[in-house]
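Hi everyone, thanks for coming.

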Amino acid sequence: MPDHIDVTLEDILAARAVLADVLTPTPVEFSQALTDRTGVPVHLKCENLQRAGSFKMRGAYTRMARLTAAEKDRGVVAASAGNHAQGVALAARLLGIEATVYMPHGASMPKLAATKGYGATVHQVGTTIDDCIEAARAHEQEHGAVFIPPFDHPDIVAGQGTCGLEILEQVPDVRTVLVCTGGGGLLAGIARAVKAQRPDVRVVGVQAEEAAAWPGSLSAGHPVPVERMTTMADGIAVGRPGDVPFQLVSELVDGMETVSESALARAVLLLAERAKLVVEPAGAAATAHLMELGQEAAARYEGPVVALLSGGNIDPVLLLRILRQGLTVAGRYLQLRVRVPDRPGALAGVLTMLAEMTCNVLEVQHHRRDPHLKIDEVAISLTLETRGHEHSAQVRQALLDRGYSVDPG
């Protein structure tokens with residue numbers, strides 16, 4: 001690869017012309033909930049509502065539309081856990097190109113089904129994206145298909161950069177843009193589009209801290225792979241930044257932040273509950289960063305702030321687990337183990353008290369075979385739905401005040 005590959009504003013404008021007939025700008029929604037939480041005006045750029053459910057269609061279609069007729073005849077091949085797979089599959093269908101996609105075992109069923117539904121031939125190999133890339137490259141060598149990378153190509157970066165053009169048009173007074181970041185294609189493209197026209201706007205990347213290759217890479221001055229990733233945010237779980245994005249991110253981006261797994265869960269919950277938007281964990285990273293900052297965001301970032309929602313392709317089973325975790329982290333689920341006298345009416349007394357405290361009881365279990373119990377005691381494990389941390393503390397204290405022995409659930 002050449003020492004320096006640039007992507008210019010003109011490249012991004014040209015990509016928008018390529019995409020004009022297949023994509024429409026995604027909406028930007030003002031978030032009163034995040035504005036109140038942070039003290040700074042926050043807008044959400046809803047790429048979760050893009051065709052194929054994420055921003056990936058922008059780069060995939062731009063790259064594939066620019067293939068020669070001979071390259072199109074040979075078909076394309078890609079490796080992805082989901083969003084890039086769907087973008088490539090849909091772009092291939094629109095362009096009349098045969099697409100083969102390698103996805104890991106364990107990829108979510110909805111993403112597998114959607115990729116197949118767009119007409120791609122899907123092969124599942126290995127358990128990591130690296131396994132899939134190896135298989136895709138072997139397919140490229142054997143069949144002559146053109147490999148479509150998820151982020152590491154100038155056309156991909158230019159296509160993703162069209163999202164930045166829309167942000168400036170939809171929120172003309174924007175002062176800060178927060179971008180969910182994996183390999184860096186979206187961040188690099190948005191940074192170029194924004195900085196070329198508004199160098200005063202701050203652009204910041206946000207990664208899951210359990211899959212954060214960028215902070216160490218930026219410190220080292222070159223892409224450095226991380227050895228281990230354990231995040232629910234599979235859409236941004238990229239072990240090594242791309243060479244093409246790295247050059248642009250190093251030059252243009254103002255900062256790189258990381259967020260915890262619990263923050264991602266809380267962000268998915270807030271977006272579903274308050275914004276009525278279904279967003280996958282990777283797509284909620286920018287929102288999670290604002291939520292972790294709280295009122296400190298107003299001191300850190302000048303508003304208006306635009307936070308990217310980069311994707312909405314989430315397995316309903318995972319969504320259910322994340323929402324439960326988000327409710328727990330937010331103090332909306334309370335698990336307790338209460339020891340009461342083993343006599344008729346004891347359980348009814350506890351439940352009556354909880355009803356008076358306006359708790360919703362989700363689960364109840366009796367435990368009699370516990371070596372820590374007295375001979376005349378029974379333990380009751382309770383899972384309760386509360387209004388938050390303060391209400392949970394009140395419930396716990398009320399039980400103690402009534403003379404019950406209370407342990408964590």
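Predicted model: local features only at pLDDT ≥ 70, side-chain atom pairs only at ≥ 80, totals over all residues.

Residues are numbered from 1 along each chain as its sequence is written, and side-chain values use heavy atoms, with hydrogens and water left out.

Helices (H or I, at least four residues) and strands (E, at least two) are DSSP runs, numbered from the N terminus. Axes are lines fitted to C-alpha atoms, for helices over the stretch in contact, and angles run from 0 to 180 degrees between N-to-C directions.

Let's begin with helix 8, residues 154-170, and helix 9, residues 185-197: their axes come within 7 Å and cross at roughly 50°. That makes helix 8 oblique to helix 9; angles under 35 degrees count as roughly parallel, over 145 as roughly antiparallel, 65 to 115 as roughly perpendicular, and the rest as oblique. What lines this contact, by class? Its residues split into 9 nonpolar, 6 polar and no charged. For the classes, Ala, Val, Leu, Ile, Met, Phe, Trp, Tyr, Cys and Pro are nonpolar, Asp, Glu, Lys and Arg are charged, and the others, Gly among them, are polar.

Helix 8 also packs with helix 3 (residues 56-65), at an angle of about 135° and with the axes 7 Å apart. Helix 3 is therefore oblique to helix 8. Here the contact has 3 nonpolar, 5 polar and 5 charged residues.

Now for charges. A salt bridge is a side-chain nitrogen of Lys or Arg within 4 Å of a carboxyl oxygen of Asp or Glu, and the count by this rule is 20. One joins the side chains of glutamate 169 and arginine 16, at 2.8 Å from N to O. This pair links distant parts of the chain, with glutamate 169 in helix 8 and arginine 16 in helix 1 (residues 9-19), 153 residues apart.

Strand 11 (residues 333-341) pairs with strand 14 over 4 bridges, and leucine 336 stands opposite proline 408 in strand 14.

Methods
Pairing = 2+ DSSP bridges.
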